[in-house]
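Here's a quick briefing to read alongside the coordinates. Have the viewer open and follow along.

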2 protein chains.
Amino acid sequence: MSKVHQYIEANKEKYLGWLEKVCNQPSVSAQNRGMEEMFTIMKELLQSVGAKTKTIQTEGYPVLIGEFQGEKEETLAFYNHYDVQPEDPLDEWESEPFQTTFRDGVVFARGTADNKGNIIARLAALDAYQAVHGKLPIHIKFIIEGEEEVGSPHLEYLAKEHTEDIRADAILWEGGMREVNNKRLHVGLGVKGIAYVELISKGAKHDLHSSEAAIIENPAWKLTWALATLKDRNDNVLIDHFYDEVKPLTDKSKQFIETLEYDENYTKENYEIDEFIDEISGYELKRRLIAEPTCTICGIKSGYLEEGAKTVLPSKAVAKLDFRLVPGQTPDRIVSLLRKHLDKHGFEDIEINQLNHLEPYNTDPDDPFVTQVLDAVAETYEEEAIIYSNLAGSSPMHKLLSNCQMPAVQVGVANTSSKFHAPNENITIQDFIQGTQLVATIVNKFKK
Amino acid sequence: MSKVHQYIEANKEKYLGWLEKVCNQPSVSAQNRGMEEMFTIMKELLQSVGAKTKTIQTEGYPVLIGEFQGEKEETLAFYNHYDVQPEDPLDEWESEPFQTTFRDGVVFARGTADNKGNIIARLAALDAYQAVHGKLPIHIKFIIEGEEEVGSPHLEYLAKEHTEDIRADAILWEGGMREVNNKRLHVGLGVKGIAYVELISKGAKHDLHSSEAAIIENPAWKLTWALATLKDRNDNVLIDHFYDEVKPLTDKSKQFIETLEYDENYTKENYEIDEFIDEISGYELKRRLIAEPTCTICGIKSGYLEEGAKTVLPSKAVAKLDFRLVPGQTPDRIVSLLRKHLDKHGFEDIEINQLNHLEPYNTDPDDPFVTQVLDAVAETYEEEAIIYSNLAGSSPMHKLLSNCQMPAVQVGVANTSSKFHAPNENITIQDFIQGTQLVATIVNKFKK
């Protein structure tokens, strides 16, 4: 692979030029700004490297499929998106968000980290491999959607109606980053799911004077009592069967958790807290972050919310709850268990309003693709990888892959200071080049 | 008394003229509008009927004391206030708020019900009594403050520094009203107290992404758990010793509660509720309204409060709690018990911020003054009185009377449709005249 790596290094100006070009083009899906132009630039860029492209229309922005033929029968897919977040607040940018700027080895522009940098690194890897070897060793399939920043509303449609356009033997997911302090690359093998609901408790038809609380039910009390039945003070979720489907951690997963670094003192100082939840630390802390499902009050609202005192009996109380789910759990099942739990405890009249849901998605740590990626990381970087068997956050992996499950691994060219979704989004040139070399190495190693 | 009653009826135009004059003068304490003018008008009006007046300066608006000499040694005090609520929203008034308007036997103006109508009725009663009998039978002491509508901030000062100006054998409190549908007059013998606190639970120094809830404590959960320890689902307050000082109801109090009318179906329809709290009705419902201390969540606030989903781990959670206290209980004692309760249950780090407090105040239903007032009501009105041994609401009775306790009874000229604090505040001419006759009868009957 050293020749391909050298080629990438030698041609970095060309690849940075591609990056500059795609980052100079705004593509803000939330504001329908530059989306068509961006799609065309992407399509032509893929074609220029040898892809056969296909446009899949949706009710939103189209999905770009780009296929490269390789020598062997294996197919590796790349999931990316050509849309970016809005750039505001504009006055906090040190250079124009849509005018790519290079300063001290760092590339600044909206989309560098999330995730045009990854698209270009992946494309550059194919270009370099072809330049050195003439032909790719395997088939490659780019899947580039335009709605990731607005919740990927048509990914399920894509998964269901265009399954064959997605099908592959494995997929590299978008995202991924490198630690700024120790340079270790994050390798993500899955994401937690989400069930986000509102619990709504209602009383009289309008707020009353609190002297009436002696005789009129208070929905805020009812909601409080209901919430208190959901989780005990050791943070065990008390909903029957909540943990039943949680898959036990494999030895490999436990080993990956062991190898994670987590700077507990930094977090304590940064957040100004004395202890972590339940006074956990070390392995248990990392295990919970990666592998523990949660039940979180994200918001509660009832009655008088302003400064000072108002003697009011509320007519309504609402709690927003976020369940983070781990492999084995599904949002529908959890919401159904929640309903049963509330009914069982006499809270039949508390409504559940389901707002968001995302299934968890998880790649078996023993899958050969994981080993291949980790080998490729070891060949490309000096520093050992940090392996997240499950990221604490969520992502629409399951939406895309529900009909054709395949191992999914997240690696990318950003870093922990890349300012995702924020002003002065950036990546380093070094990470961009090494990330490109990594993709080329993965492509070279890939086999079923 | 028939002569005095007849005199009042015969001179009603004069007394309505007094009412018109004081209601035409704005006196909005919250906006410092017309306060000085109002004070002067009141002082001169009292003097014109024979009062010796005294002005007590405070750091706020002055208190007007007006003393009338009578034949016997007994002194009856009247507590009133010369300030009114702001008149907005102005566009909902059918006539000018500070231009007294008579329509179909009803007097409309800000202050008619709360409580210039009562001041004038009380003064008119003295005027009529003197006109018929030459001299009052007892001493009378008007205590008219100017800050009731802004929380009576100097009543405690008055009670402490001017005790002798307040001292009397009994006091008629401001407020009071008559039922619109059955014409029965409310007679109030006391008020519940209040302890209003905020419970504040803190987590990390700012809100975090909810994926961190796996390892960082959530102050909203902590507050929920703490609240759930305060009251059980049968609405028993679980704070140790909370009920210890509650005075048992006397037979007379129970009898008064029995005689109350409460239209349960009307409330159910009006508030759109199926049942009252704990499915109570009849005597138990009336008992709770009058005699049960409460613990009410008036507001809860934490994390994301807007529409839709935001995956946030809150940094802070606040609940506003209103304890309504009955005779025997005191706000300081209750807040101290609350602190002990939270500590005992492991919530040492939940802060208590005490916002408001008012002591309960209660007149013994067997006190002779109560009997005299009830006899006077029976002589003046055809309809039986409705006796509230304790009003469900609160009032600064204890603030004024802490240093010289005396029986306090609330009767007045307003009615249940008087629109207190709202546009189109009003009283009926008939209630004003009968209320004046009632005061004359009480004055006539009063003895220690």
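What follows covers the interface between two chains and then two individual residues.

Heads-up: this is a predicted model, where local features need pLDDT of at least 70, side-chain atom pairs count only at pLDDT 80 or more, and totals for chains, interfaces and linings use all residues. Residues are numbered from 1 along each chain as its sequence is written, chains are lettered from A and ligands numbered from 1 in the order in which they are written, and side-chain values use heavy atoms, with hydrogens and water left out.

**The A–B interface**

- Chain A puts 74 residues into the contact and chain B puts in 74 residues (contact means heavy atoms within 4.5 Å).
- About 5700 Å² is buried between chain A and chain B, with carbon and sulfur atoms giving 62% of that (buried area is the accessible area, 1.4 Å probe, that two parts lose on being put together, summed over both).
- The rule picks up 30 residue pairs in polar contact across this interface, both at pLDDT 80 or more (a polar contact is a pair of N or O atoms within 3.5 Å; within protein, one must be able to donate a hydrogen and the other to accept it, and residues adjacent in sequence count only if both atoms are side-chain atoms).
- β13(A) supplies the largest share of the chain A side that touches chain B, at 10 residues (strands are DSSP E runs of at least two residues and helices are H or I runs of at least four, numbered from the N terminus).
- Two salt bridges are counted between chain A and chain B (a side-chain nitrogen of Lys or Arg within 4 Å of a carboxyl oxygen of Asp or Glu).
- Lys205(B) and Glu272(A) meet in a salt bridge through their side chains, at 4.0 Å, N to O.

**Strand pairing across the chains**

- β13(A) and β13 of chain B (residues 294–303) run antiparallel and are joined by five bridges (strands pair if DSSP finds at least two bridges between them).
- Gly303(A) has Gly299(B) as its bridge partner in β13(B).

**Glu292(A)**

- Glu292(A) sits in the loop between α10 (282–291) and β13 (294–303) of chain A.
- Glu292(A) counts as buried because its relative accessibility is 16% (buried is under 20% relative accessible area, exposed over 50%, partly exposed in between; 1.4 Å probe, protein chains only).
- The side chains of Glu292(A) and Arg287(A) make a polar contact at 2.9 Å.

**Arg184(A)**

- Arg184(A) lies in the loop between β8 (177–178) and β9 (186–188) of chain A, and is buried at 8% relative accessible area.
- A polar atom of the Arg184(A) side chain is 3.3 Å from the backbone oxygen of Thr259(A).
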